[in-house]
Amino acid sequence: MRTVELKLYKFDELSKEVQDKVLSKNRDINVDDEWHEPVTDDWMDEIIPSKGFNPKQIYFSGFWSQGDGAMFEYDSISDDLLKEFVDNILIGTEHLSPMRKQWILNNIYVSVSGTHRGRYCHEKSCSHSIYWEVSNTDINYLPNFSQWLESFADDFEAFIVDKYEDICQELYKTLEESYDYLTDDRQVAETLYANDYDFTEDGDMY
């Protein structure tokens with residue numbers, strides 16, 4: 001039997017070369033399975049609803065492969081998002097009068113939802129179900145008005161999809177920035193300090 005004496009070092013006691021090795025080896029120390037939850041929880045509870053969608057689930061993959069991105073399932077939109085669409089309707093170069101905007105809101109029923117599809121997770125990985133229908137049957141006796149209302153269906157669908165994809169891209173950018181921050185040298189080093197890890201002279205964690 002023999003006794004071997006092992007000299008251990010704190011991170012700041014290692015040479016710069018060995019510190020770089022330790023940082024590289026422990027690059028993912030801050031990004032366990034739940035690292036994204038502060039971001040995704042904030043987007044689920046606050047940011048996505050503030051942009052007019054009622055989210056059910058966020059999906060993402062990242063950050064180096066084709067098909068990486070972020071998307072979310074949703075089951076409805078807010079009245080404010082519908083009003084935003086109506087407020088921006090143009091006839092030629094003119095916005096609608098307040099009375100015509102209200103006519104639309106009073107006589108239109110919309111149903112909007114989105115679910116994940118396919119193997120990837122990005123802004124195009126959503127199957128949208130978007131309905132824009134005349135809700136007041138009385139105006140069927142006014143075919144010109146009914147057709148005028150129905151004429152905005154395609155524009156409404158494009159509006160929803162564009163809004164959705166912009167949100168997904170913004171969400172993915174936020175996740176990527178958070179990941180880059182957590183895997184930065186400074187953040188990795190701070191975690192190693194905070195946990196008071198010991199290392200061998202070669203940089204192996206003891």
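Visitor: Which residues form the nonpolar patch on the surface?
Guide: Leu6, Leu8 and Tyr206 form it, with about 320 Å² of accessible area together. Patches are made of residues with over 30% relative accessible area and no salt bridge, with nonpolar side chains (Val, Leu, Ile, Met, Phe, Trp, Tyr) joined within 5 Å and like charges within 9 Å. A salt bridge is a side-chain nitrogen of Lys or Arg within 4 Å of a carboxyl oxygen of Asp or Glu. Areas come from the Shrake-Rupley method with a 1.4 Å probe.

Visitor: Where do the numbers come from?
Guide: This is a predicted model, where local features need pLDDT of at least 70, side-chain atom pairs count only at pLDDT 80 or more, and totals for chains, interfaces and linings use all residues. Residues are numbered from 1 along each chain as its sequence is written, and side-chain values use heavy atoms, leaving out hydrogens and water.

Visitor: Which residues form the negative patch?
Guide: Asp32, Asp33, Glu34, Glu37, Asp41, Asp42, Asp45 and Glu46.

Visitor: Where does Asp42 lie?
Guide: In helix α2, residues 37-50. Helices are DSSP runs of H or I, at least four residues, numbered from the N terminus.

Visitor: Why does Asp42 count as partly exposed?
Guide: Because its relative accessibility is 36%; buried means under 20%, exposed over 50%, and partly exposed in between.

Visitor: New topic. What is phi of Asp196?
Guide: Near 55°, a positive value in a residue other than glycine. Most residues other than glycine have a negative phi. Asp196 is in the segment after α7 (185-194).

Visitor: And Arg186, buried or exposed?
Guide: Exposed, because its relative accessibility is 60%. Arg186 is in helix α7.

Definitions and conventions: Lys and Arg count as positive and Asp and Glu as negative; His and the chain ends are not counted. The place of a charge is taken as NZ of Lys, CZ of Arg, CG of Asp or CD of Glu. Helices (H or I, at least four residues) and strands (E, at least two) are DSSP runs, numbered from the N terminus. Buried means under 20% relative accessible area, exposed over 50%, partly exposed in between (1.4 Å probe, protein chains only).
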